[in-house]
Amino acid sequence: KLKGSHRREVWEPYVLAYRPGIHRYWEDFRGFGYDKFSFFIESQFAGYSFAVLQDFFCVHLNHPEVSTEDQIKMKERNSVYYDEFKLYLWGRYKDQGW
């Protein structure tokens, strides 16, 4: 149920995958911002591609609500780690044409 007239539904893509050697989420990202995004960026660097499955669904359970102020703090913290993440990508994948 949406609360307030200005709320909107925002959905992020989810990946259900298993492959030996697949990378994990960048461990320094916590809370809001950059975690799923970084997974997709690294997946692109690593040469993975994705397909949308038909006739398949999963259920997402909401996590506890976090105040807007705390979300902003988490995103600011994670933005600092994003620079480190980019250096990591360059170091790991520079020989693969990136």
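**View 1. Tyr88, a partly exposed residue of helix 2.** Tyr88 counts as partly exposed because its relative accessibility is 24% (buried means under 20% relative accessible area, exposed over 50%, and partly exposed in between, with a 1.4 Å probe and protein chains only). You'll find Tyr88 in helix 2 of this predicted model; helices (H or I, at least four residues) and strands (E, at least two) are DSSP runs, numbered from the N terminus. Leave out residues up to four places away in sequence, and Tyr88 touches Trp26 and Glu42, where contact means heavy atoms within 4.5 Å. The side chains of Tyr88 and Glu42 are also joined by a polar contact of 2.7 Å. A polar contact is a pair of N or O atoms within 3.5 Å; within protein, one must be able to donate a hydrogen and the other to accept it, and residues adjacent in sequence count only if both atoms are side-chain atoms. As for Trp26, 62 residues separate it from Tyr88 along the chain, with 9.7 Å between their C-alpha atoms.

**View 2. Helix 1 and its buried residues.** Helix 1 covers residues 35-45, and its buried residues are Asp35, Lys36, Ser38, Phe39, Glu42, Ser43 and Phe45. What do these buried residues pack against? They pack against helix 2, residues 68-93.

**View 3. Ser38, up close.** Ser38 sits in helix 1 and counts as buried because its relative accessible area is 1%. A polar atom of its side chain lies 2.8 Å from the backbone oxygen of Asp35. Setting aside neighbours within four places in sequence, Ser38 is in contact with Trp26, Phe29 and Phe85.

View 4. Is Val80 buried or exposed? Val80, part of helix 2, counts as exposed because its relative accessibility is 53%. Val80 and Phe29 are 51 residues apart along the chain, and their C-alpha atoms are separated by 9.6 Å. Now look at Lys94, in the segment after helix 2: at 42% relative accessibility, Lys94 counts as partly exposed. From Lys94 to Phe45 it's 49 residues in sequence, but 9.3 Å in space, C-alpha to C-alpha.

**View 5. The second largest pocket.** This pocket has a volume of about 680 Å³. Of its 23 lining residues, the closest to the centre are Tyr14, Val15, Leu16, Ala51 and Leu53. The lining splits into 18 nonpolar, 3 polar and 2 charged residues (Ala, Val, Leu, Ile, Met, Phe, Trp, Tyr, Cys and Pro count as nonpolar, Asp, Glu, Lys and Arg as charged, and the others, Gly among them, as polar). On a 1 Å grid over the protein atoms alone, a pocket is an open set of points where a 1.4 Å probe fits, with protein on both sides within 12 Å along at least five of seven lines; lining residues have an atom within 4 Å of a point.

**View 6. The whole chain.** The chain has 2 helices and 0 strands. Buried residues make up 15% of its 98 residues. Among contacts with a separation of 6 or more, 73% come from residues 24 or more positions apart.

**Notes.** Residues are numbered from 1 along each chain as its sequence is written, and side-chain values use heavy atoms, leaving out hydrogens and water. In this predicted model, local features need pLDDT of at least 70 and side-chain atom pairs count only at pLDDT 80 or more, while totals for chains, interfaces and linings use all residues.

Key:
Points joined across faces, edges and corners; volume = space filled by probe spheres on them.
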